[in-house]
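Biologist: I've got a new model open on my screen and I'd like to walk through it with you. Shall we start?

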Amino acid sequence: MNKKSQNEIVINGFKHVKYDALEFSTNEMHERAENFYHFMDQRRSIRGFSNKEVPRSVIKNILKTASTAPSGAHKQPWTFCVVSNRELKRKIRVAAEAEEKETYENRMGERWRNDLAAMATDMHKPFLEIAPWIIVAFKRAYEYESDGTKHNNYYVNESVGLACGMLITAIHNAGLVTLTHTPSPMKFLTKLLKRPANERAFLLLPVGYPENPVYVPDLKRKPLEEISVFYD
Ligand code: IYR
């Protein structure tokens, strides 16, 4: 018998601990699901930031929340680089705008440019200097063992994508705003943040308060019927 106690057992030689699921009444469940949907439906990508300070401890809890995401074989293949340093933010802005200039002027096709017209985006990224924090999510393609050998991580894009989703949720939950910014290619971030060869920049997120007033495109989300298929 590998059962040690009620609270922990051993499977394949590894300790497992009892999981106590949250328990809600059916009514509570309905209410929570609906309320959470309405709460998340208020989230919008914001491009205009205030320079108002955001406490470091809030950012730390947001990062810890992101790192609760599921990941391939629980490798947690992410590193979140968090920038508040003015000079570094300025360097990131300059490098991002150089890539974005090339993207907007030469890399984008007409259809892409037209699709973005509604978002009112352009190559200028002042928020990279104005927002109090910039979080750059790096994916860790592989890990180095202590003897120097390399081991690939699993489902790296999926894992880091999930963590970033939770990061964005945590930012919204704190009453802050962000933008999923993808200056492409993002190699300049490896250099500016001095990241090792096993890390690749995945997503850049300015975090802070919105400027006041702030405007967002009048987007509509697809109705449930368009995004789901039920098989009863
Ligand atoms: N990375 C550029 C372009 C851009 C691309 C898409 I797709 C967007 O939804 C928004 C912007 C930028 O950040 O401006």
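Biologist: Which residue in β2 does Val10 stand opposite?

Modeller: Bear in mind that this is a predicted model. Strand β1 (residues 8-11) runs antiparallel to strand β2 (residues 14-17), and four bridges join them. Across that pairing, the residue opposite Val10 is Lys15.

Biologist: And in the hairpin of β1 and β2, which residue takes a positive phi?

Modeller: Look at the turn, where two residues sit between the strands. One of them has phi near 55 degrees, and that is Asn12.

Biologist: Now the open sheet of four strands: which strands stand at its edges?

Modeller: The order is β3-β4-β8-β7, with antiparallel pairing. An edge strand has a single partner, so one side of it is left without a neighbour in the sheet. That puts at the edges β3 (78-83) and β7 (177-178).

Biologist: What is the bridge partner of Thr79 in β4?

Modeller: Strand β4 covers residues 133-140, and six bridges join β3 to it, the two running antiparallel. In β4, the partner of Thr79 is Phe138.

Biologist: How much of the ligand's exposed area does the protein bury?

Modeller: Start with the polar atoms: one in the side chain of Lys125 lies 2.4 Å from a ligand oxygen, and one in the side chain of His181 lies 3.0 Å from a ligand oxygen. Thr182 uses its backbone instead, with an N or O atom 3.2 Å from a nitrogen of the ligand. Taken alone the ligand exposes 370 Å², and the share of that buried by the protein is 71%.

Biologist: Last one: where is Pro185, which has a cis peptide bond from Ser184?

Modeller: That bond has omega near -5 degrees. Another cis bond runs from Asn212 to Pro213, with omega near 0 degrees, and Pro213 lies in the loop between β8 (199-208) and α8 (224-227). As for Pro185, its place is in the loop between β7 and α7 (187-192).

Technical notes
Residues numbered from 1 in each chain as written. Predicted model: local features only at pLDDT ≥ 70, side-chain atom pairs only at ≥ 80, totals over all residues. Heavy atoms only, no water. Polar contact = N/O pair within 3.5 Å; in protein donor to acceptor, adjacent residues only side chain to side chain. Areas by Shrake-Rupley, 256 points an atom, 1.4 Å probe, with all protein chains shown as cover. Pairing = 2+ DSSP bridges.
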